[in-house]
Amino acid sequence: MRNHKIDAIVALDDFDVEKATYLRENLRIDGMGQTTGRYFRDKLAMRMRAKSCGISNPSFCSLFNDFDINIFADTVASPWVLKPRSEASALGIIKVYDKDSLWMHINELGNNRFKYLVEQFRPGDVYHCDSLILDGKIIFSITSKYLATPMEISQDGGIFRSANIPYDSPDDRAIKKVNEQVIKDFGLKHGTAHSEYIKCKEDGKIYFLETSSRVGGAHIADMIASASNINLWAEWAAIENALVKEIEYKLPEIKNEYAGIVLTLSKYQHPDLSSFSDDEICFRVSLDYHAGLIVKSYKHERVLELLDDYADRFVKNFATIGTQNEVKKLH
């Protein structure tokens, strides 16, 4: 800073959020501060903020106090999940089914237990809503459904699949309504957000799961660009540029098509996907030891049909399961 003027600090992924908020606070640079940053990074802070704002989310408890934990275990039906407060995606999540197992895992955490929370596991369909925000208002959002959730894949293996859902459908409207409340009440002023919600099988309600002030991973941004013509990375950069330079930002024209992604770890460094030749294929993942395709169509049913077919073929020909390392040191 002695030789270069810094106008803005942008956190490009989850692990940059704390650093960016700390630096903004200390250097008095505009943008998200540490308290607001926790709402988009710390899963306990998210839960508490959602509860205080009247946003439905699973029952939860911090691991600070033994009495509170026992009350939770005695009054909230299992199964439960122990979650790292500050890990990314589904890393480090432990599913437990009874009180004795819960306490066994908590005791194993030792002095690191404060870095976790416990919450009720609510089975249901999991959705993600990806948004662009300017001046505290959502200027673009699109709702997609995980056909295989990140948690399911991290726990049991499988093929990652996601596709955007029918526009203006009841689920689309319901999730976007909750998403608007989350973005507003959590205090995100500008940028992008990747937020996850569950439609509970038991009561059909939409529950908030978690949010983040970043672009979704696993090539979700490429899928969204294929469906909507909105590249979240490019538009996020354009928003930040417009704010710093005090110029007007204009959202590109949005199209309403459908797209989906199928992605897996591959046992081959460069899997041969040449047998996948449907006209709907618009993107091929080029990462080593990954097999992945994005398809798009004007028909939602066609996207789902292709994703199901490709998932079966991936299982037979390419898929492998990576061993998740135990989380010993949380960021």
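The model is predicted, and local features are described where pLDDT is at least 70, side-chain atom pairs only at pLDDT 80 or more, while totals for chains, interfaces and linings use all residues. Residues are numbered from 1 along each chain as its sequence is written, and side-chain values use heavy atoms, without hydrogens and water.

Helix H5 covers residues 99-109; helices (H or I, at least four residues) and strands (E, at least two) are DSSP runs numbered from the N terminus. Leu 102, Trp 103, His 105, Ile 106 and Leu 109 of H5 are buried, where buried means under 20% relative accessible area, exposed over 50% and partly exposed in between (1.4 Å probe, protein chains only). Viewed down the axis of H5, these buried residues fall within an arc of 160°, so they line one face of the helix; the arc is taken from the directions from the helix axis to the C-beta atoms. An α-helix has 3.6 residues a turn, so residues three or four places apart point the same way. Asp 100, Asn 107 and Glu 108 are exposed on the other side of H5.

What do the buried residues of H5 pack against? Their partners are helix H4 (66-75), strand S2 (80-84), strand S3 (94-96) and strand S4 (116-120). Just after H5, Gly 110 has a positive phi of about 60°.

Turning to the aromatic rings, Phe, Tyr and Trp (its six-membered ring) pair if their centres lie within 6.5 Å, with planes under 30 degrees apart counted as stacked, over 60 as edge-to-face and the rest as tilted. By this rule there are 13 aromatic pairs. Phe 72 and Trp 80 make a tilted pair, with 6.0 Å centre to centre and 55° between the planes. Phe 72 is buried at a relative accessible area of 5%, and Trp 80 is buried at 3%. Tyr 39, Phe 40, Phe 186, Tyr 197 and Phe 208 form one aromatic cluster.

The charged end of Lys 95 sits over the ring of Phe 121, 3.9 Å from its centre; this requires NZ of Lys or CZ of Arg within 6 Å of the ring centre and within 35 degrees of the ring normal. The charged end of Arg 313 sits over the ring of Phe 276, 3.9 Å from its centre.

Asp 172 belongs to helix H7 (residues 170-186) and is buried, with a relative accessible area of 4%. Neighbours within four places in sequence aside, Asp 172 is in contact (heavy atoms within 4.5 Å) with Thr 143, Ile 165, Pro 166 and Tyr 167.
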